[in-house]
Amino acid sequence: MEEEFGYSFRIKLLKTLPNLKAVLYALFRSFGFTEWEDIHGLIDAQPGKMVFSRTHRLIRDRESLLLTIIPEQDNKIYQIKEGEEVVMLPLGTFHFERVKEMNEEKGKTIFVDAAKLNYPLTVRKWQQGDYFYPFGMEGKKKLSKFFKDEQLSLPQKENCWLLSSGEKNIWIIRYRFDARFA
């Protein structure tokens, strides 16, 4: 099945196929894989185990094998200056506007108290140790724990970006908003 960051193959379904090694060979040979015993071993491996070709990787997720291109490291930090209304970034276009009323859009729209923002805002990929303050919870929560609770796959975690104001994270983009900016 095609996913946001590649393809997924349900392990339960793969196990029902006759001559599984031949099926795995047919599925993955065109992606440059050569370690067929290792690939077959992913079927019963622990989640997180990976096999690499020059250009791709096969990841044992909870219930699937995930085929993705080996990601490039993007450690860039993008800045958003005060007053900018439209900002185009590699992960999408951001629109900023002042509103009088909030609506119920989820995932793509957040509403923040402009008085709590320190410019320039930054957009960057998450890092170990990052945290936020979720609604309905006392204190902070590490993003690594949030990802585990949400059962995000490795490609989803690798492609997670943050919108920040100073040292404070405003938004785990596409996922959760920080209560401190409500």
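Mentor: Buried means under 20% relative accessible area, exposed over 50% and partly exposed in between (1.4 Å probe, protein chains only). The model here is predicted: local features need pLDDT of at least 70, side-chain atom pairs count only at pLDDT 80 or more, and totals for chains, interfaces and linings use all residues. Residues are numbered from 1 along each chain as its sequence is written, and side-chain values use heavy atoms, without hydrogens and water.

Trainee: In β12, which residue is the bridge partner of Val123?

Mentor: Strands pair if DSSP finds at least two bridges between them. Strand β6 (residues 78–80) is joined to β9 by three bridges in an antiparallel arrangement, and there Tyr78 stands opposite Val123. Strand β12 (residues 161–165) also runs antiparallel to β9, with five bridges joining the two. In β12, the residue that partners Val123 is Leu163.

Trainee: Which strands are the edge strands of the open sheet of five strands?

Mentor: The open sheet has the order β1-β2-β5-β4-β3, with antiparallel pairing. At one end, β1 and strand β2 (residues 6–10) pair over two bridges, and Glu2 has Tyr7 as its bridge partner in β2. The strands that each pair on one side only are β1 (2–3) and β3 (50–52).

Trainee: The rings of Trp126 and Phe147 form a pair, but at what angle are their planes?

Mentor: Rings of Phe, Tyr and Trp (its six-membered ring) pair if their centres lie within 6.5 Å, with planes under 30 degrees apart counted as stacked, over 60 as edge-to-face and the rest as tilted. The whole structure holds 10 aromatic pairs. In the pair formed by Trp126 and Phe147, the ring centres are 4.8 Å apart, and the pair is edge-to-face because the planes are at 80 degrees.

Trainee: Where is Phe147, and how many residues separate Phe147 from Trp126?

Mentor: Trp126 counts as buried at 17% relative accessibility, and Phe147 likewise counts as buried at 1%. The pair links distant parts of the chain, since Trp126 lies in the loop between β9 (121–125) and β10 (131–132), while Phe147 belongs to helix α4 (residues 143–150), at a separation of 21 residues.

Trainee: How far apart in space are Ile39 and Leu65, C-alpha to C-alpha?

Mentor: Ile39 is found in helix α3 (residues 36–41) and counts as buried at 0% relative accessibility. Leaving aside neighbours within four places in sequence, Ile39 is in contact (heavy atoms within 4.5 Å) with Leu24, Phe28, Phe33, Val51 and Leu58. Ile39 and Leu65 are 26 residues apart in sequence, and their C-alpha separation in space is 9.7 Å.

Terms used:
Helices (H or I, at least four residues) and strands (E, at least two) are DSSP runs, numbered from the N terminus.
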